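Please read these notes with the structure open beside you. They go from the whole chain down to a few residues.

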Amino acid sequence: SSSASASASASSPSVELAPGDALSGEMSTADAAAVLVEALRRPESVNATFSAAPRSSSSPPPAAAAGLDDEWLKLVGPEIYRRPLEAVTPHEAASWLREFARQLLRPGQGLPTPVTVADLPDGVLLRFVTTGYGYDSYEKEEARGAEDKWAEGGERARGNPDGALRLLAESEPSARLRVARAEMAPGTLVKETSEELLLRRLAKGIDELEAAARRSR
């Protein structure tokens, strides 16, 4: 039946979604219809702009058990980064993400938009703030011990929250790392420059982490 065909297409790994208009390509009528039906019933698509296309050969392989559920997850936030974890476990990656985030609080290591840091069970939350900076003056910081700086790092930035990023190391539906926007209230501006810099550092850091893990085996 046509409904059965649409259901099969809706769970097919041959289709991928992306926030915005990042994707293009010719889709079959069945796949296009299935995506449209799903968009009408899924909460992830409410107020979301997205594109759909046949899955590219360069895209990470889909998680078979998740079907298109995992594709629609990209619209929550929305997601801005995803990569598989191959040489480290999600637990190891989550610990590394927390250390990585706290490096952004060090003088000279921050992003163009200041952040605060809050740990999550599977990673870390970076909250952008509109004013202030994550550290006091150099002299004041030197007077405090290194342990105090790291312990209080998540509370040091001052200002009004202005959007956030969730950096997550997940084990389901497959071992991977994801970054998604969060706390995007109406009127919150995307911090494009800070996001681009963060993702470059993140990709480089994960590459180095996994390379080190492979060498140690």
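The numbered points below take up confidence, overall build, one arginine and the cavities.

1. **Ground rules.** This is a predicted model, in which local features need pLDDT of at least 70, side-chain atom pairs count only at pLDDT 80 or more, and totals for chains, interfaces and linings use all residues. Residues are numbered from 1 along each chain as its sequence is written, and side-chain values use heavy atoms, with hydrogens and water left out.

2. **Confidence.** The pLDDT (the predictor's confidence in each residue, from 0 to 100) averages 81 for the protein, and 76% of the residues score at least 70. Residues 1-11 fall below 50, and beyond near neighbours in sequence this stretch has 11 contacts in the model. A contact means heavy atoms within 4.5 Å. Residues 146-156 also stay under 50, with 18 contacts beyond four places in sequence. Where pLDDT is low, the predicted coordinates should not be read in detail.

3. **Overall build.** The protein has seven helices and seven strands. Both are DSSP runs, numbered from the N terminus: helices are H or I with at least four residues, strands are E with at least two. From the N terminus, the order is α-β-α-β-α-β-α-β-β-α-α-β-β-α. Of the 217 residues, 43% are buried (under 20% relative accessible area, 1.4 Å probe, protein chains only). Among contacts with a separation of 6 or more, 70% join residues 24 or more positions apart.

4. **Arg82.** Which side chains does Arg82 meet in a polar contact of 2.9 Å or 2.8 Å? Asp70 is the partner at 2.9 Å, and Glu79 the one at 2.8 Å. A polar contact is a pair of N or O atoms within 3.5 Å; within protein, one must be able to donate a hydrogen and the other to accept it, and residues adjacent in sequence count only if both atoms are side-chain atoms. Arg82 sits in strand β3 (residues 79-84). Leaving aside neighbours within four places in sequence, Arg82 also touches Leu73, Lys74, Arg176, Leu177 and Arg178, besides Asp70.

5. **Cavities.** The whole structure holds two cavities of 30 Å³ or more. A cavity is a set of points on a 1 Å grid over the protein atoms alone where a 1.4 Å probe fits but cannot get out; lining residues have an atom within 4 Å of a point. Points are joined across faces, edges and corners, and the volume is the space filled by probe spheres set on them. The second largest cavity has about 30 Å³. Its lining includes Phe128, Asp162, Arg181 and Glu195. Strand β6 (residues 161-170) gives the largest share, four residues.

Methods. 1 Å grid on protein atoms, 1.4 Å probe; cavity = no way out; pocket = protein on both sides within 12 Å on 5 of 7 lines; lining within 4 Å. Buried < 20%, exposed > 50% of the residue type's maximum accessible area, 1.4 Å probe, protein only.
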